[in-house]
Amino acid sequence: MSEDWPLFEVFIRARSGLEHKHVGSLHAADARMAIEHARDVYTRRQEGVSLWVVRSSDIVASDPEEAEALFEPARDKVYRHPTFYAIPDEVKNL
Amino acid sequence: MYTQALDSPVPEDGRASPAGQAALERRFDERIERDEKIEPKDWMPEAYRQTLIRQISQHAHSEIVGMLPEGNWITRAPSLRRKAVLIAKVQDEGGHGMYLYSAAETLGVARAELIEQLLDGRAKYSSIFNYPTLTWADVGAIGWLVDGAAIMNQIPICRCSYGPYARAMVRICKEESFHQRQGFEIMLTLARGTAAQRAMAQDALDRWWWPSVMMFGPSDAASTHTAQSMRWRIKRFTNDELRQKFIDVTVPQAEFLGLRIPDPDLRWDEATQHYLTGPIDWSEFKAVLKGDGPCNQERLQARRAAHEAGSWVREAAAAYAAKHGGRGPRARSAASFASREEAP
């Protein structure tokens, strides 16, 4: 079996003013080729104005098993949202 | 389409104690029940993983082999417009294969392994692509019927429980609609053309109808995977349900074209509000799937030849990348842009 080229994750900026967003992955021999392949695979219909590629092995991700420990603490802090506070209707611009 | 190459591998089945295993499975079933998406690093039963690898890779192979019957007509398309459209469509099919291989890889299988399974004949792909494209009308019939059936099949997969597969399918479905419409337009042009052109369109429908109807796979009674796939919400409808939907929408389109569906038993059933068809010849489906279709050998030979002919390019690119440190010429780092633009 032949070896796969390294895997890259592809991010596209849909238009200027927006952030780059993950769209998928592909294999390429190097970063330059990854950009060229990303252009062919992910932007055949003007999906973007800018591409990022990053080696998948360089991405560090949180562990789903730790999701609770990481994200639960925010759950009971509803006071971080504006709707938590009761303000009389007659008060304007608040 | 997140990747399996992220830092921590998904825990293997059997790592947990039997009690722990049962708890993991219960939690997984509950997530499916709540219609939550399963993502690559989440725990999943090994059978779920294997089912997805099989289905997604077969789907990817079908896209790749599917380029061949239509690619056959690129050089002979009847006008520059038709040629440009056909090139774009075939390129889309290649892209769809790439999205799907990426999705399959998130389950922990290497792409090279999947390609090898295709090339050495172990993997299956849609039996429809083992039929020849004899005339230009076949290109129209494929877009109209084969892509039409594919869309019918793929739209429910946009809601599949496995996130990367569902996302790939959303992208594919968006692009597929043009494929079907361009095919119907070809059929319409021929149907409104000369007597010879109408005959050509009818001949294409005669040859592609039954294979298209069979694309949905064996009937529910004979389908080995349907029940489990429905429980896992990989599938949302049975093969027969999807087939019926396809027939119901396609028959009126054939009528609009003034073409005859090659099924003497076909009739509208007032009671069920569906079209009823004659019996399907499943022996043909099985033979083609087994490798005895008109073009099975030819298709695989074409893929093998392409793979072998491209090997020097892959080797040269790898050698070049090794020499230049994997970055390639003129590839600029985005890190500096990122920090400049998006740091708080």
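**A helix of chain A and its cover**

In this predicted model, the buried residues of helix α1 of chain A are covered by elements of two chains, A and B. From chain A, the cover includes β1 (7–13), β2 (20–27) and β3 (50–55). From chain B, it includes α4 (80–105), α7 and α13 (311–323).

Which residues of α1(A) are buried? They are Ala31(A), Met33(A), Ala34(A), Ala38(A), Val41(A) and Tyr42(A). These residues sit on the same side of α1(A), because they cover an arc of only 145° around the axis. The helix itself runs over residues 31–42. Its twelve residues, at 1.5 Å a residue, should span 16 Å.

Now follow α7 within chain B. Helix α7(B) covers residues 163–191, and helix α6(B) covers residues 136–154. Two packed helices are described by the angle between their axes and the distance between the axes. Here the axes come within 7 Å and cross at roughly 145°. The crossing of α6(B) past α7(B) is left-handed. By class, their contact has 13 nonpolar, nine polar and two charged residues.

One more site in chain B deserves a look. His61(B) belongs to helix α2, residues 46–65. Is His61(B) buried or exposed? Its relative accessible area is 0%, and buried means under 20%, so His61(B) is buried. Leaving aside residues up to four places away in sequence, His61(B) touches Gly66(B), Tyr101(B), Leu114(B), Leu118(B), Ala123(B), Lys124(B) and Tyr125(B).

Note on methods. Residues numbered from 1 in each chain as written. Chains lettered and ligands numbered in written order. Predicted model: local features only at pLDDT ≥ 70, side-chain atom pairs only at ≥ 80, totals over all residues. Heavy atoms only, no water. Axes fitted to C-alpha atoms, helices over the stretch in contact; angles between N-to-C directions. Helix = DSSP H or I, 4+ residues; strand = E, 2+ residues; numbered from the N terminus. Left-handed = near helix turned anticlockwise from the far one by under 90°. Nonpolar A, V, L, I, M, F, W, Y, C, P; charged D, E, K, R; others polar. Expected span 1.5 Å × (residues − 1). Buried < 20%, exposed > 50% of the residue type's maximum accessible area, 1.4 Å probe, protein only. Arc of directions from axis to C-beta. Contact = heavy atoms within 4.5 Å.
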